[in-house]
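Thank you all for coming. I would like to walk you through one structure this morning, a few residues at a time, so please have a look at it with me.

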Amino acid sequence: MSKFQVLNHPLIQHKLTIIRSKHTGTKVFREVANEIAELMVYEITRDLPLADVEVETPMGKSTQKMIAGKKLAVIPILRAGLGMVDGVLQLIPAAKVGHIGMYRDEKTLKPHEYFVKLPSDIDQRDLFIVDPMLATGGSANMAIEALKKRGAKHMRLVVLVAAPEGVKAVQEEHPDVDIYAASLDEKLTDSGYIFPGLGDAGDRLFGTK
């Protein structure tokens, strides 16, 4: 079974409460969502391997640590996942960015893939799949499957808010993919939204209410 971890750092929780509020406007929502993603990077990269390198300080030569040549990529699930990309890139500016487009049928709640554009060496990279919401798990599962079909082997799913139903769905279908969330919320509503959640992340990021 994959690992599921809630990143309950006080700064992450504080900022998450800001974007939960229905009174938070598009500009602040967008800024704070990226700030949370940036803070989450500290935890999701905690196990990156290090290698010894020789560096010359003003005082002389010394052996120190640097990340051991890991190739990384950020894969937002469109469109809401775009709201987390800049935050990740603030700390990992050399990461490549791929895109997977999904939309959810409002009647069936089933996801549909409409766009995939990825780095050519996707099979050699550690991937951070980002999406603010993990609700039913349908979009996440379809995105992970799309990546696996194209050769991806090492993936982590990074979300702001997760529902228990979505976590269970991803763990059952993709037990090799670890999940990181800023919060595990109470439940899904009958209409497939996370409660208490933060509303429709895409609409709130892009002002399309």
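Proline 132 touches Ala80, Gly81, Met84, Val159, Leu160, Val161, Ala201 and Leu205, where residues up to four places away in sequence are left out and a contact means heavy atoms within 4.5 Å. What we are looking at is a predicted model, in which local features need pLDDT of at least 70 and side-chain atom pairs count only at pLDDT 80 or more, while totals for chains, interfaces and linings use all residues. Residues are numbered from 1 along each chain as its sequence is written, and side-chain values use heavy atoms, with hydrogens and water left out.

Proline 132 lies in the loop between strand E8 (126-130) and strand E9 (133-134), strands being DSSP runs of at least two residues and helices, H or I, runs of at least four, numbered from the N terminus. With 3% relative accessibility, proline 132 counts as buried, a word that means under 20% relative accessible area, with exposed meaning over 50% and partly exposed in between (1.4 Å probe, protein chains only).

Let me move on to glycine 137, which sits in the loop between E9 and helix H4 (138-149). Glycine 137 is buried as well, its relative accessible area being 4%, and, again not counting residues up to four places away in sequence, glycine 137 touches Gly166, Ala169 and Val170.

Finally, how exposed is tyrosine 103? Tyrosine 103, which is found in strand E6 (residues 99-104), is partly exposed, with a relative accessible area of 45%.
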